[in-house]
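Hi,

Here is the structure I promised to pass on. Have a look at it first, and then read my notes below.

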Amino acid sequence: MQVEFVGAVGGDVTGSRHLVHTEHSSILLDCGLFQGRRSESNERNRELGFRAKDVDVVVLSHAHIDHSGALPRLYRQGFRGPIYCTPATRDLCAAMLEDSAQIQAQDATYINRKIERNGAAMEPVQPLYDQDDVVGTLELMVSIPYHMTRRIAPGVMLTYYDAGHVLGSAMVALDVDVVGQRRRVVFSGDLGRRHMPILRDPEIPTGASCLLLESTYGDRIHDPIERMDDELADVITRTVARGGKAIVPTFALERAQEVIYALKRLRSQGRLPEVPVYVDSPLTVKLTDVFRIHPDCFDAQARALLLSGDSPFDFDGLRYVSAVEDSKAIDRSDQPAVVIAASGMCEFGRVVHHLAAGIENRNNSVIIVGYQAQHTLGRRLVEQRPRVRIFGIERERRAEVAVLDGFSAHADRNDLLEYAEAVREAGPLRHVALVHGEGPSRNALKTLLEERGFPSVITPSRGDMLEI
Ligand SMILES: [Zn+2]
C-alpha cells in the first residue's frame, strides 16, 4: 500500500488531496480547492494532480472548501464513484458547493467584464465547475455516521471518528488488508480543539500504523478559548466608542456560528454594546440552518440550550441578511455595527465589499478570527500592511486590524503533540506524515515529534509516495 501526497503538502495549507493506493483500488482522501494567488490557484484547481478515472472512491473528512471544494471539478472530469462523508458534512456540502459554484460564476463575470471594459491587467477567468456539476457531486455522496464501519473497496474498511473541528468533521480511519495483514491508516483531517463551544472534543482512534497529521499550527500556541470572549468584547467596545464598524471576516462554516454564539453570551452578560449585529452572508444563514438540524454533533451544553427552546444562534439585535440591497445599506449607514461576513480569508464574498467600503476609515476595525493563508487579502491584513489592494484598487489601510487567536478551530502545537502521543499509545504507529502546514510550522512539529521518539516523521512534498 502507498500513500501519494497530491495537495496540502510541501508547505501548502489548502487544496487537501491525498491518494491511498491499495492492491485493488485508489482512494482519494479529500478533494479540496487550493486557495492562494489567483493564477496559481486557477492552474492547480483546473488540473487536480491525478486523473479522475484513476480514482475509485472518495473519502471526505469535512465540508471546508479547502477539503471539499474541488469535488465538482472531479465530477466534471468524469468521476462517478461514491463520495463518503458524515451526514452533517453532506448537508453542509450541499450549501457550500452551491455557493462555491456561484462565487466562481460571479467572479468570472466581474473580472471578464472589467477586462472588456477597461482592459484591466488580469487573466480572463473560466469557472472550474457549475451548478450541474455540484448536483452531480451531491448525487454521489454517501453518508456514514461516526463509528459505523463500512467496506468501501476490496479489502478496505472505513470508520469515521469525531475530529471536533467543524460540524460533521471527521478523522478518517482506513483498515486495509495488505497481504493478509491489517494496516490502519489514520488521516486526522483538520484537528479541532478541546473545550470548544458547540462541538464535542476530538477522539483518539486506536490501532493506527500510519498517521497523516495536519500541522497548521505546529509552531504556535493559541490563546486560551476562555479569553476569546473578553478580547472580542474589548475590540468591539473600542470600535463602537470611536463610532466605527467592526467587520468580522469569517468562514461561513463553524467560525461564524462560534462568533454568533460568543456574541450571544456577551450580550446576555451586558458586555456587548447595544449596536446591531449583522450576519451578512446568505451562505452562513443556510449553514446555520444545517447546524439547527444536527444536534447529533453538538456537545452536551449546546444540546441543552437547544432543548430548552433557546438557540445558540439567535439573540435580540442579531439580524441575518440575505438580500444584496440590505447588504449595501449596511455600508451606506454611518452607524456603528458589527458585521459578520464571508469569506474567511477575505478573498471572495460580501466581506470584500465591506472591506472596500470600510478599510480606509480609521474608526473601523477588522477582527480576524481565523487562519489566513499566504497571498490572501486576509493575510495582508494580519501583517498590518499599510496599503492593500481590493478589487484591483490600492487603498490605505487605516482601520484597526485585531487578530483574535482564541477562535481557532485548529489544534495548536501542544494539542497536536498530545494527539500524536495518544495515537501512538493506542496503536503500533510506524509512520507519521505531516501535511496541511506551512514550512516553518511543519518543520517545528517534526522536530518536536522526533525529540519525543517518534520513529519516522516525514514532511512530504507534492507527488511524494509513502510505502506502508
Ligand atoms: Zn477545516
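Where does Gln 102 lie? Gln 102 sits in helix α4; helices here are DSSP runs of H or I with at least four residues, strands are runs of E with at least two, and both are numbered from the N terminus.

Before going on, the housekeeping: this is a predicted model, with local features needing pLDDT of at least 70 and side-chain atom pairs counted only at pLDDT 80 or more, while totals for chains, interfaces and linings use all residues. Residues are numbered from 1 along each chain as its sequence is written, and side-chain values use heavy atoms, with hydrogens and water left out.

The axes of α4 and helix α8 (residues 282-292) come within 10 Å and cross at roughly 170°. Those axes are lines fitted to C-alpha atoms, for helices over the stretch in contact, and the angles run from 0 to 180 degrees between N-to-C directions. That crossing makes α4 roughly antiparallel to α8 (over 145 degrees; under 35 is roughly parallel, 65 to 115 roughly perpendicular and the rest oblique). On the α4 side, the residues that meet α8 include Leu 92, Ala 95 and Met 96, and the α8 side includes Leu 283, Leu 287 and Val 290. Contact means heavy atoms within 4.5 Å. By type, the residues of the contact between α4 and α8 split into 7 nonpolar, no polar and 4 charged. Nonpolar covers Ala, Val, Leu, Ile, Met, Phe, Trp, Tyr, Cys and Pro, charged covers Asp, Glu, Lys and Arg, and the others, Gly among them, are polar.

Also in α8 is Thr 288. Is Thr 288 buried or exposed? Thr 288 is buried, with a relative accessible area of 0%. Leaving aside neighbours within four places in sequence, Thr 288 is in contact with Gln 257, Phe 313 and Tyr 320.

An open sheet of 7 strands runs in the order β6-β5-β4-β3-β2-β1-β22, and its pairing is mixed; strands pair if DSSP finds at least two bridges between them. At the edges are β6 (141-143) and β22 (465-467), each pairing on one side only. From one strand to the next, the twist averages 25°. Helix α4 (residues 87-118) packs on this sheet, touching β5 (83-85) and β6, and its direction makes about 145° with that of β6. Strand β1 (residues 2-7) pairs with β22 in the antiparallel sense over 3 bridges, and Gln 2 has Glu 467 as its bridge partner in β22.

Ser 16 is in the loop between β1 and β2 (17-21). At 1% relative accessibility, Ser 16 counts as buried. A polar contact of 3.5 Å joins its side chain to that of His 67 (a pair of N or O atoms within 3.5 Å; within protein, one must be able to donate a hydrogen and the other to accept it, and residues adjacent in sequence count only if both atoms are side-chain atoms).

**Another open sheet**

In this one, 7 strands follow the order β7-β8-β9-β10-β11-β20-β21, again with mixed pairing. The edge strands β7 (150-153) and β21 (457-458) each have a single partner strand, so one side of each is left without a neighbour in the sheet. Strands β9 (residues 170-178) and β10 (residues 181-187) pair in the antiparallel sense over 7 bridges, with Ala 173 opposite Val 186 in β10. Helix α13 (residues 413-425) lies across β9, β10 and β11 (210-214), at about 170° to β11.

**A hairpin to look at**

Strand β17 (residues 387-390) has Val 388 and Ile 390 on a covered face, and Arg 387 and Arg 389 on an uncovered one. It runs antiparallel to strand β18 (residues 393-396), joined by 4 bridges. The hairpin has 2 residues between the strands, and Phe 391 takes a positive phi near 50° there.

Cheers

Methods:
Buried means under 20% relative accessible area, exposed over 50%, partly exposed in between (1.4 Å probe, protein chains only).
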